[in-house]
Amino acid sequence: MGWSTADTLAEGKEVTGSVCPARDKDFFKITVPQGKRLLRVQLKFTVETTPIQLTYILYKENPGKDPMQVGTAPLWTSGGIRTYDVYHCVDPGTYYLVVKDDGDDNADGKNAYKVSFTTDSDKDNNEVNNDVASAKAPGSGTISCKGDLDYFKTSVSAGDLLEVKLTTAGPTKVDLKYSILLDDGKTKIGEESIADGMKAATNLTSLWAMPKGGTYYVVVEDRTGNKSDPAGCTRSR
Ligand SMILES: [Ca+2]
Ligand SMILES: [Ca+2]
Ligand SMILES: [Ca+2]
Ligand SMILES: [Ca+2]
């Protein structure tokens, strides 16, 4: 593998490369500095047609062992030329970005791709809130990265209705979804989502009859788990 020969890629610097011959993989070594929790990967082709289905895999350095896979490009379902602009939630540290053809069965010796990365802090003050144990009181947050889950915790008295309100100030790339879970943190008793967050501000407001009094969890995420918008803002209660 190419860990030891990886090219060091500086933050904010765009470089070009090509996937040739088939099974070629390009290794880039990148650093997420202390205090930063978001890694933005931008990857695109320089031309409109190529036989390559561009994709990437993100690995974290694992001293003394092979790096561990910690992320991938989103599934590409729309056809056409692949272009990525994706946020990953990560810890500070050293990572490897591996750019390749999906399936490792195509090559393009003529045309190049462009890749770059930047890092940022996560402005969502509720983080980390990715599971039942770290659930926070209802409030504002953002789906800052691919696969981000935001857990909120609330309780209702027997016979009460639970009002869930999930809104944004304006359009966002994220197609917001919430699920209501019982106090076991697993059993889903309801969910709502929107088809396209870019069409208008999100406004999901519903009253739910709860089966019993007690603790409930509301989990907010992107409907497909692929989209994110660290600048966006969601509110739930
Ligand atoms: Ca190459
Ligand atoms: Ca391919
Ligand atoms: Ca979040
Ligand atoms: Ca989260």
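Which residue of S6 stands opposite Ile 57? Thr 72 in S6 holds that position. This is a predicted model. The chain is divided into domain 1, residues 7-120, and domain 2, residues 132-236. The points below cover the domains, the strands, the cores and some backbone exceptions.

**Domains and their contact**

- The centres of domain 1 and domain 2, taken over C-alpha atoms, are separated by 31 Å.
- Contact between the domains involves 8 residues of domain 1 and 7 residues of domain 2.
- On the domain 1 side, strand S7 (residues 84-89) gives the most, with 4 residues.
- By class, that side of domain 1 has 6 nonpolar residues, 1 polar residue and 1 charged residue.

- Strand S5 covers residues 54-60.
- Of the 7 residues of S5, 5 are buried, so the strand is largely enclosed by the rest of the structure.
- S5 runs antiparallel to S8, and 7 bridges join the two.
- Within this pairing, Tyr 56 stands opposite Val 99 in S8.
- S5 also pairs with strand S6 (residues 68-72), again in the antiparallel sense, over 4 bridges.
- Strands of a sheet pair through backbone hydrogen bonds, in either a parallel or an antiparallel arrangement.

**The largest nonpolar core**

- This core holds 27 residues.
- Val 41, Leu 43, Tyr 56, Tyr 95, Leu 97 and Val 99 touch the most other members.
- Two or more residues come from each of S3, strand S4 (38-45), strand S5 (54-60), S7, S8 and S9.
- S8 gives the most to this core, with 5 residues.
- Leaving aside neighbours within four places in sequence, Val 41 is in contact with Tyr 56, Tyr 84, Val 86, His 88, Leu 97 and Phe 117.
- In soluble globular proteins, nonpolar side chains tend to be buried together.

**A second core**

- A separate core of 16 residues includes Tyr 178, Tyr 216, Tyr 217 and Val 220.
- Tyr 217, one of these residues, stands opposite Leu 181 as part of S16.

- Strand S13 (residues 176-181) pairs with strand S16 (residues 214-222) in the antiparallel sense, over 6 bridges.
- Leu 181 and Tyr 217 stand opposite each other in S13 and S16.

**Cis peptide bonds**

- Most residues other than glycine have a negative phi, and most peptide bonds are trans.
- The bond from Cys 20 to Pro 21 is cis, with omega near -5°.
- Pro 21 lies in the loop between strand S2 (15-17) and strand S3 (25-32).
- A cis peptide bond also joins Glu 127 and Val 128, with omega about 5°.
- Val 128 sits in the loop between strand S9 (113-120) and strand S10 (140-141).

- Arg 23 is not a glycine, yet its phi is positive, at about 75°.
- Arg 23 is placed in the loop between S2 and S3.
- Arg 23 is partly exposed, because 13 other C-beta atoms lie within 10 Å, and exposed residues have 12 or fewer.
- Asp 104 also has a positive phi, near 55°.
- Asp 104 belongs to the loop between strand S8 (93-101) and S9.
- Asp 104 counts as partly exposed, with 14 C-beta neighbours inside 10 Å.

**The start of the chain**

- Thr 5 is found in the segment before strand S1 (7-8).
- Why is Thr 5 exposed? It has 8 other C-beta atoms within 10 Å, and a count of 12 or fewer makes a residue exposed.
- Thr 5 and Asp 26 are 21 residues apart in sequence. In space they are 9.7 Å apart, C-alpha to C-alpha.

Note on methods
Residues are numbered from 1 along each chain as its sequence is written. Chains are lettered from A and ligands numbered from 1 in the order in which they are written. This is a predicted model: local features need pLDDT of at least 70, side-chain atom pairs count only at pLDDT 80 or more; totals for chains, interfaces and linings use all residues. Two strands pair if DSSP finds at least two bridges between them. A residue is buried if 20 or more other C-beta atoms lie within 10 Å of its own, exposed if 12 or fewer, and partly exposed in between; C-beta atoms are placed from the backbone. Domain bounds come from an automatic or database domain assignment. Two residues are in contact if their C-beta atoms, placed from the backbone, lie within 7 Å. Ala, Val, Leu, Ile, Met, Phe, Trp, Tyr, Cys and Pro count as nonpolar, Asp, Glu, Lys and Arg as charged, and the others, Gly among them, as polar. A nonpolar core is a set of buried Ala, Val, Leu, Ile, Met, Phe, Trp, Tyr and Cys residues joined through C-beta atoms within 7 Å.
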